[in-house]
Every structure is written in C-alpha cells, then in structure tokens.
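Work through the following exercises with the model open beside you, and try each task before you read its solution.

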Amino acid sequence: MACQSGSFRDWKRKAVGSSPDPSPRSCELVPPLGYGSRNIGSHGDTGHLEYLLLHTNPLSISQNSKTISKDPTEFSCAVEEYIEAAREVACEVLELVAEGLWITDKLALSRHIRDAQSDSVLRLNYYPASSDPSMVVPNNSIGFGEHSDPQILTVLRSNDVCGLEISTHDGLWIPVPPDPDEFFVMVGDSLQALTNGRLRSVRHRAVTNRSKSRMSVIYFGAPAPNSWIRPLPILLPPHQQPLYKPFTWAQYKEAANSLALRHTRLDLFKAPDAPLLLSASP
Ligand SMILES: O=C(O)CCC(=O)C(=O)O
Ligand SMILES: [Fe+2]
C-alpha cells in the first residue's frame, strides 16, 4: 500500500495519539524492542519517560505495528516514511563528513547505514511533565540520563519543548533550543571509532519539563551486526596509531549493553598503546 506523506505532527499522532495512555500495556515484543517505561537498558538506569523502540527493518516494523497500533497499516506507513527521510538526512550528513575529511570514497561512512542488513533503530520518547525530587538536576528531572549513542549517527527531532542537553568537554551542560522543524544530528561512538577520534561522540541527556510534556523521535543509524568498525585507513597516516581495536557492531552492542548508560563505552575497545584522547565526558 502506498504511504501518504505527512508532517512530523501527523506522525506522532499516528504513533501514540495526541495524549498517550499514561499506563499502556506491554506490547509483548522481544526486548529491547517495543514499549518501555522508566527502565532504560538492563543496568538500573531509569528516567521519566515512556518509549517505543523499533527496528528499521520493514518486516520488523510491520510485525511490531500490529501490537502497537489500532491501525497497523497507517502506523507502519508513517514510521517507514519517517525512517526513509531520516536515513537520507543521515547519509547526506555522512557523505559531507567524508568529503570534509578528504576521504576519497565518499560513501565510506554512509554505506554502513544504507546496508540492507543495517541494525538502525527508531526510538520515540515521551517525557511527561514532571519533577521528581529524587532525580532533580537542579530544576528538572532526568528524562534520559547522560550517555553517548553507540551507533554511527543520531538524527533527532522533538516537539517545541526544551529538554535535550549536550555536555561540553569540561562537563558544562548546554540546553539545545527545541525546534520542531529541524533535525538535530549527533555523532555516535561508532563514528568516533571509524574516524579514529577525528569526530567525537556527543555526551547528552534529556531533562523533563515541569509544565509541558516533551516528545522526541530519534533515528539511530547503525551498521549491520557483522560489519567491522575500525579507523578508516585513509585517516591513519603512517605516524598515527589507531585509537581503537577493530570490533563488529554486534560486539560493540553487546559490550555497550553490559555497562550502565553513563560509561564511556568506547573505552572498552581502546587500542593497548593508543595515545591519550582527552575524554569528552565530564
Ligand atoms: O529524547 C531525547 O531528546 C534524547 C534521548 C536520547 O538521548 C536517546 O534516546 O538516546
Ligand atoms: Fe541518546
């Protein structure tokens, strides 16, 4: 069935309705895909949010849509259309990055997420308006704790409510002004490894708003599980050592999932004699 194009607002409405059920039931999907609430990962990280996590594979979307939406066809069309647009943004950005780094093969980075086996995912986060005194930082509650995204590139959109914050190298948190008509692009750990640290993954977090609920839709562009991630040879002049040992995306995912969110998970793959890269974390 052909998908009709719709705006970001339409997409959110189709995904969870204009006011999400405050106590939705489990979508009975294989973890970690599907519906989640408060718990992020399996290491005790919690936040004030509800989310849907979907694999971007069309078959997986159409199967999962049946348990998520009352109108699975409309839902999966909207999701697939959004993913296609977000993937295009991610690939264009990665091709510009390759050009900027004088990489002769312009597709060297984007090829990973164009791969039919790409393990990219889409996350829809809903942060209810709240302030829980136990998680205050200092005026708002933690919606999604500090971390860097493990994938290659993150393409994020939100409604017009602030909440996303990024950390400077010296640990200062800077709010990102919301704009529902813009994409926000963040470097993930895998891109840091592929570029041998020329690009650094962004530490970020989301805080909740006291008076307004916030929604974000995030495309995480990832390689195929068996793809090798290693510094591109062209970014390794003879005198320069690789900062990271080669790893497959499946290995990185497993390692990343073994640690809590706040850890600098890329450190697990540091090359033994790697020169010191000043940490991006506070
Ligand atoms: O919802 C947001 O603005 C950020 C969430 C986030 O960082 C994530 O889902 O990885
Ligand atoms: Fe993130």
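**Exercise 1. Cysteines**

Keep in mind that this is a predicted model. Decide whether Cys77 is buried or exposed, decide the matter for Cys91 as well, and then find how many disulfides the structure holds.

Solution. Begin with Cys77, which has a relative accessible area of 12%; because buried means under 20%, Cys77 is buried. Continue with Cys91, whose relative accessible area of 0% makes it buried as well. Finally, recall that a disulfide is a covalent bond between the sulfur atoms of two cysteines; the structure holds zero disulfides.

**Exercise 2. The iron site**

Determine which residues coordinate the iron ion (ligand 2), and describe how these donors are spaced along the chain.

Solution. Looking around the iron ion (ligand 2), you find His147 and His204, each through NE2, together with Asp149 through OD, at 2.1 to 2.2 Å.

**Exercise 3. Positive phi angles**

Locate Trp102 and Asn196, and state the phi of Trp102 and of Asn196.

Solution. Start from the rule that most residues other than glycine have a negative phi. Trp102, in the loop between helix H3 (72-100) and helix H4 (110-114), has a positive phi near 60°, and Trp102 is exposed, with a relative accessible area of 72%. Asn196, in the loop between helix H5 (189-194) and strand S9 (204-207), has a positive phi of about 50°, but Asn196 is buried, at 4% relative accessible area.

Terms used
Residues numbered from 1 in each chain as written. Chains lettered and ligands numbered in written order. Predicted model: local features only at pLDDT ≥ 70, side-chain atom pairs only at ≥ 80, totals over all residues. Heavy atoms only, no water. Donors = N, O, S within 2.8 Å, 3.2 Å for Na, K, Ca; no water. Disulfide = S-S within 2.5 Å. Buried < 20%, exposed > 50% of the residue type's maximum accessible area, 1.4 Å probe, protein only. Helix = DSSP H or I, 4+ residues; strand = E, 2+ residues; numbered from the N terminus.
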